[in-house]
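Take a look at the fold, then go through the notes below.

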Amino acid sequence: MKRQIAILGSTGSIGTQALEVIEEHADLYEVYCLTANNKVELLAEQAHKFKPAAIVIANEARYDELKSLMSDMPDVKVYAGAQALNEIVEAGPIHMVLTAMVGFAGLNPTIHAIKAGKTICLANKETLVVAGELILQLAQQYHTPILPVDSEHSAIFQSLVGEDQNPIEKILLTASGGPFRLKSMEEIAHVTKADALRHPTWDMGAKITIDSASMMNKGFEVIEAKWLFGVDAKQIQVLVHPQSIVHSAVQFQDGSVKAQLGVPDMRLPIQYAFSFPQRLHLSGERLDLFKAQHLEFFEPDLEKFRCLALAFEAIDKGGNMPCIVNAANEIVNRGFLEDKCGFLQMGDIIAETMQRATFDKNPSYETYIATDAEARRIATELMNK
């Protein structure tokens, strides 16, 4: 029987590559549901090709447009709105939910999917950044597996397979360093969004590309790794690795280091989450170590990449502080893309929001919702000063 997959965020970078994986293994996987926020044309195009049981457009204002585009396919149910997202992931036939939505919006549907006992293929790192403790409690309570899709966390996961209960001494989390690794502070102060969107090794959506340029993305990945693999933040070391070939590694208590290497291709971690514990054939380029030759590793400059330092600060503080950082970052990331703030200003605004927002050491789900709203308001006010 084919595994039924729901893709939350099917029109984004991860979602479109997941569909390529499903197409390559059409004998094993089938699309049950596709969702998008705004891209109605692409969502309709995907639905015509993959013929899911249902599609959801999160932005209710685009419902009529989508319905019209799908008028020739009455068998595909069309829904709209946040509540529809929460409900569709609970559908009986679904085996796996790929959470590839961007930002805080991915939290609630992920919680609904966990409670419905669906295997979570996690590509929405903000879910664990914002509410890691809550998510892990729910996954345990409902016996729901969470399989990482981020290339770094997939690499760590792959390095741990077969290690059973062998304690982790250190996680080596690699980062490309983004487009500004070799620039001075003076140069970084004047970079544009076009500069920031030119990532040297990965092809990703705009939000995550900007987060990679500021290294906030790596800070979020440290928080994600802490929850996924049950380690303290001080056991996680960030290594700037410009070649993006070593996707991450684990050091054990005997000093042995296991790493996962490969060409930069997000289809591999997506497919591994779908097929675990099996490995399936994946078409595409293969790693040629003769060609690669130089593999370099550097310490990140926390002064230059303040956002990474702020993420570590948020982990140390705990409670709802990572939620505050995530909300402020979503505001400044969008602001930078809309030319409302400079590149270095992003870190300043996040730091100030961390000072001003209400801190809660033991947050509930309701606290996270309130915190997100408050931090967004504060960051927006600071940005518009």
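Two strands count as paired if DSSP finds at least two bridges between them, and the strands (E, at least two residues) and helices (H or I, at least four residues) are themselves DSSP runs, numbered from the N terminus. This is a predicted model, in which local features need pLDDT of at least 70 and side-chain atom pairs count only at pLDDT 80 or more, while totals for chains, interfaces and linings use all residues. Residues are numbered from 1 along each chain as its sequence is written, and side-chain values use heavy atoms, with hydrogens and water left out.

**Strands around β10**

- β10 (residues 246-252) and β11 (residues 257-261) pair in the antiparallel sense, with 5 bridges between them.
- V246 has its bridge partner in β11, namely L261.
- With β9 (residues 236-240), β8 pairs in the parallel sense over 5 bridges, and L172 has Q237 as its bridge partner.
- How covered are the residues of β10? Buried means under 20% relative accessible area, exposed over 50%, and partly exposed in between (1.4 Å probe, protein chains only), and 7 of the 7 residues in β10 are buried.
- β9 is mostly covered too, with 4 of its 5 residues buried.

**Helix α7, wrapped up**

- Helix α7 (residues 151-160) is largely enclosed by the rest of the structure, because 10 of its 10 residues are buried.
- Its buried residues include E152, H153 and Q158 as well as I156, F157 and L160.
- What covers them includes the strands β7 (146-148), β8, β10 and β11, along with helices α11 (216-229) and α12 (267-275).
- Just after α7 comes G162, with a positive phi of about 90°.

**Salt bridges**

- The model holds 20 salt bridges, each being a side-chain nitrogen of Lys or Arg within 4 Å of a carboxyl oxygen of Asp or Glu.
- K125 and D150 form one of them, at 3.3 Å from N to O. K125 sits in the loop between β6 (119-122) and α6 (126-141), and D150 in the loop between β7 and α7, so the pair ties together parts that are 25 residues apart in sequence. Both K125 and D150 are buried.
- D339 and K193 meet in a salt bridge at 3.4 Å, N to O. This pair links distant parts of the chain, 146 residues apart: D339 is in the loop between α15 (321-337) and α16 (343-356), and K193 is in helix α9 (residues 193-196). D339 counts as exposed at 57% relative accessibility, while K193 is partly exposed at 29%.
- E221 and K218 also form a salt bridge, their closest N and O atoms being 2.5 Å apart. Both lie in helix α11, 3 residues apart, about one turn of the helix. An α-helix has 3.6 residues a turn, so residues three or four places apart point the same way. E221 and K218 are both buried.
- E24, D265 and R267 are linked in a network of salt bridges.

**Cysteines**

- How many disulfides does the structure hold? There are 0, a disulfide being a pair of cysteine sulfur atoms within 2.5 Å.
- C33 is buried, at 0% relative accessibility.
- C323 is in no disulfide, and the nearest cysteine sulfur, that of C307, is 17 Å away. C323 is buried, with a relative accessible area of 0%.

**A buried asparagine and a surface patch**

- N86 lies in helix α4 (residues 82-88) and is buried, at 4% relative accessible area.
- Beyond its neighbours within four places in sequence, N86 is in contact (heavy atoms within 4.5 Å) with N108, P109 and H112.
- L295 is in the loop between α13 (289-292) and α14 (306-317), and counts as partly exposed at 31% relative accessibility.
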